[in-house]
Amino acid sequence: MSMSAVLVIGGGLAGCVTALELASRGIGTVIVEKDRRLGGKVRDYGCKAASRCNQCGLCIVGDLWARVSEHSDIEVLTESRLVDLIGTKGNYKAVVRDKNGSRVIDGISDIVVSIGFDGASSATSAQVQYSGGRGVISGLKLEQLLAQRGRHGIFDEAPSRIAFLQCFGSRDIQEKAPYCSRVCCGYSTRAARVIRHHYPETEITFFYMDLQEVEGGTYFDVLKKENIEFIPCRPVSIVKGSPNRVLYEQPGSGGRLVEREFDLIVLSEGIHPAADSDRIAEICTLGYDRNGFLKTISDSGKTGIYLAGCVSGPKKIPEVYAESLQVAQQIWGGVR
Amino acid sequence: MRIAIIGKSPINEPLKERLLSEGLTPVLVENINDILGVVGQKGDFAIRTRYGDVEAGYVIATQGPELSNPVPEVPSLPLSGSSVQNILDKNAKQAVLLLDYPDESPGIMTEIALKKAAELARKRVNVVCLARFIRTSGGYLEQLYREARHFNAVFIKYSELSMDCFENAVVIHARINEGNETISIKTDNLIIAEKISAGEDIREMASRLRIHLDDEGKASGDNPFVFSAMTNRKGVFALHNTSPGLTNETKEMIDYTIAAIKMEMAAGKNSGHAVVDADKCALCYTCYRVCTHAAMAPDPNPDRSAMMNLEEACYGCGICVSQCPAAAVRLTEAGMEVKPEMAMKGSLKIFCCENSAKLAFERAKPELEEIYDKVDITPVSCGGEITTAGILSALHRYRKVLVAVCMDDACKHLEGNKRAKRQVLKAQQLLKSIAMDPGRIEYVQLSHAMPRVMAETVIEALG
């Protein structure tokens with residue numbers, strides 16, 4: 001390993017982009033990844049092109065994981081965790097633990113914290129059940145279905161009625177997530193367009209409070225033209241059964257409750273701080289913003305500790321990509 | 001390193017300062033009509049002007065927005081064009097900020113409206129902000145929104161709106177609560193978000209800088225969703241009609257652009273590019289015309305009457321290779337034409353774009369294990385490199401040819417996939433004209449994240 005390596009904590013999109021950019025400039029990096037493989041959540045995402053590209057940003061990723069694993073200046077430690085960090089900028093010592101025990105990595109100049117995020121899974125997992133195009137699924141599960149789609153469709157059996165429940169685990173004080181997750185409008189409406197492309201007959205309904213991140217009013221019109229229905233309300237609950245039903249207050253009816261049947265219900269889950277946040281915050285001396293995401297408490301240029309990706313708040317794929325390149329550039333500027 | 005700023009924009013000043021603070025030298029050419037063209041490549045551009053050449057390593061095109069009042073018949077103040085002090089000087093007790101009327105306001109107006117609403121509300125003006133879309137999801141905007149709310153600014157979302165004008169006041173009727181209620185607000189201080197359009201010069205600018213514009217008149221990059229300031233021409237960046245002033249969004253754009261320039265400066269020599277054979281070149285300018293990256297130029301050497309490739313500008317997409325009528329262009333890195341034909345492995349030849357279909361094929365390997373011996377795959381750097389001749393010559397050796405390229409709107413080189421499609425259609429027509437089965441050539445568009453689509457297509461093509 002070279003004299004001054006950069007330690008990257010988390011080998012998802014942000015970590016891999018940063019590591020690859022640094023390595024391509026001759027700076028050795030070590031990626032500590034808790035999972036068995038690189039890629040984090042993005043690796044499971046599916047393409048959102050319908051008849052043409054819908055610009056979800058996934059194409060930026062391409063064969064990033066292969067390029068990172070094959071790069072001679074990047075060492076990837078899988079199934080590993082950072083357990084301690086000692087030192088100052090330019091001379092950090094990290095203790096990393098994997099299933100065989102602990103090891104100390106010396107001579108680390110800078111640290112990139114890119115531990116990503118967790119889905120709103122605590123709220124989601126209680127609800128989900130799925131088989132063959134029927135049930136209740138999380139947004140991530142829909143991504144996986146899209147990733148595995150074939151020429152003729154996404155589901156084993158075409159659902160005739162699909163509901164999307166927006167802001168699931170976002171804008172929700174009980175979930176301790178009062179913020180907007182910024183990505184759910186984008187992925188769910190794009191996914192809906194893929195579904196529309198393959199299943200012209202399927203009824204698609206969105207229950208929403210506020211569509212924040214759709215690219216403007218014209219996009220909203222495009223969706224409506226594709227026969228996607230939008231109901232402005234947050235449903236009261238999902239009533240389990242066969243088929244499942246959504247219980248909601250009819251907008252403008254003065255509080256009349258309505259139940260509607262759906263074959264498939266998609267929970268457009270949002271972005272929550274990673275479960276590892278607290279541990280990493282303590283080890284790396286980081287603070288929290290008002291929503292519980294990590295933030296640096298002093299200048300990264302001085303501490304040598306940088307944040308990249310959704311660890312500091314919800315971001316879209318192109319934003320993570322651009323930010324990671326910038327972090328790499330800052331570190332490279334400092335090391336030089 | 002000299003960085004040329006071309007165009008007139010309110011961000012020129014802050015951009016200049018940032019460049020200086022980064023140790024770069026800004027050179028300003030404000031009037032686009034002074035420019036005849038920009039020649040050369042990244043690191044070594046020459047801007048030809050009426051007054052002589054200006055040399056610069058990189059170019060940032062800035063295009064100031066044109067602001068206009070969307071409803072001139074209604075007496076109002078412009079949102080970005082009037083200062084808070086102006087409104088306060090009128091001793092205003094109340095003000096209405098109107099966004100998204102009659103069409104959706106540009107995103108940047110939200111930030112301006114939130115700031116002005118907060119400032120006015122802080123000075124005890126009753127502020128009502130009417131908008132069809134209140135987009136505050138970015139961290140910074142959320143904070144501004146909270147601040148404005150804290151000082152009692154009221155935000156109302158409407159679905160439809162009409163206005164009655166009186167001598168000194170306007171009455172606004174807004175459908176709210178998803179169209180279930182109507183409210184009327186009277187105001188003598190109506191502040192309307194302006195319409196922003198690309199300046200009229202934008203097309204001139206694009207043609208002189210040889211950068212590509214999308215349907216909305218914005219410069220679009222090779223990979224439009226990566227980095228919005230990038231253009232199809234390496235080393236030329238576009239910060240276009242972003243906003244009337246320096247907002248957080250523009251600051252970020254400037255940061256990204258400077259970071260990108262520094263990275264370009266540090267990048268090594270480009271190895272994958274096109275090479276022109278000067279003996280074969282007929283100087284027909286086809287490559288100059290079809291190159292989406294402005295990487296072809298006439299050779300300045302008077303002894304050689306030929307085109308040349310600007311190596312640092314070239315992406316090695318091969319569009320010029322497939323389009324050159326004299327077969328005078330080749331690629332330095334193995335492509336469709338230069339690669340010696342692999343031994344015939346079986347019955348299907350696949351020409352696939354390395355950005356999409358090749359990666360999908362690799363991911364689909366587990367599913368394709370059984371038929372792996374029957375296919376021979378040639379990745380090309382872009383579908384644009386695929387030729388009718390190449391497809392037909394493959395048919396001598398293979399029962400079938402599959403051309404697999406990127407989805408519409410996803411080509412990194414803007415139109416390589418469209419060119420591939422044209423070549424496939426041409427080849428199919430030729431087959432038809434000699435009574436051969438055009439079905440021997442198949443064509444599919446997909447993304448790298450569609451492995452099963454790739455597997456199914458290959459299996460189906462094998463029959």
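Predicted model: local features only at pLDDT ≥ 70, side-chain atom pairs only at ≥ 80, totals over all residues.
A salt bridge is taken here as a side-chain nitrogen of Lys or Arg within 4 Å of a carboxyl oxygen of Asp or Glu. Under this criterion, B:R18, B:E22, B:D255 and B:K262 are linked in a network of salt bridges. Side chains of opposite charge can pair when their charged atoms come close.

Within chain A, two pairs may be described individually. A salt bridge joins A:R37 to A:D44, with a separation of 3.2 Å between the closest N and O atoms. Both partners lie in the range between the cut-offs of 20% and 50% relative accessible area, so that A:R37, at 38%, counts as partly exposed, as does A:D44, at 24%. A second salt bridge is formed by the side chains of A:E203 and A:R260, for which the N to O distance is 3.9 Å. This pair connects distant parts of the chain, since A:E203 belongs to strand β11 (residues 203-208) and A:R260 to strand β15 (residues 257-262), the two residues being 57 residues apart. A:E203 has a relative accessibility of 41% and is accordingly classed as partly exposed.

In chain B, a salt bridge is found between B:R135 and B:E104, whose closest N and O atoms are 3.1 Å apart. B:R135 is placed in the loop between β10 (126-131) and α4 (139-150), whereas B:E104 is placed in the loop between β9 (94-98) and α3 (108-122), so the pair ties together parts of chain B that are 31 residues apart in sequence. The two partners fall into separate accessibility classes: B:R135, with a relative accessible area of 15%, is buried, while B:E104, with 26%, is partly exposed.

The contact between the two chains involves 46 residues from chain A and 37 residues from chain B. The area buried between them amounts to about 3700 Å², of which 53% is given by carbon and sulfur atoms. Three salt bridges are counted between chain B and chain A; a salt bridge between the chains is formed by A:R52 and B:D409, with the closest N and O atoms 3.0 Å apart. On the side of chain B that touches chain A, the elements that give two or more residues are α4, α6 (248-266), α9 (357-363) and α13 (451-462). The residues of this side comprise 16 nonpolar, seven polar and 14 charged ones.

Technical notes. Residues numbered from 1 in each chain as written. Chains lettered and ligands numbered in written order. Heavy atoms only, no water. Buried < 20%, exposed > 50% of the residue type's maximum accessible area, 1.4 Å probe, protein only. Helix = DSSP H or I, 4+ residues; strand = E, 2+ residues; numbered from the N terminus. Contact = heavy atoms within 4.5 Å. Buried area = accessible area lost by both parts, 1.4 Å probe. Nonpolar A, V, L, I, M, F, W, Y, C, P; charged D, E, K, R; others polar.
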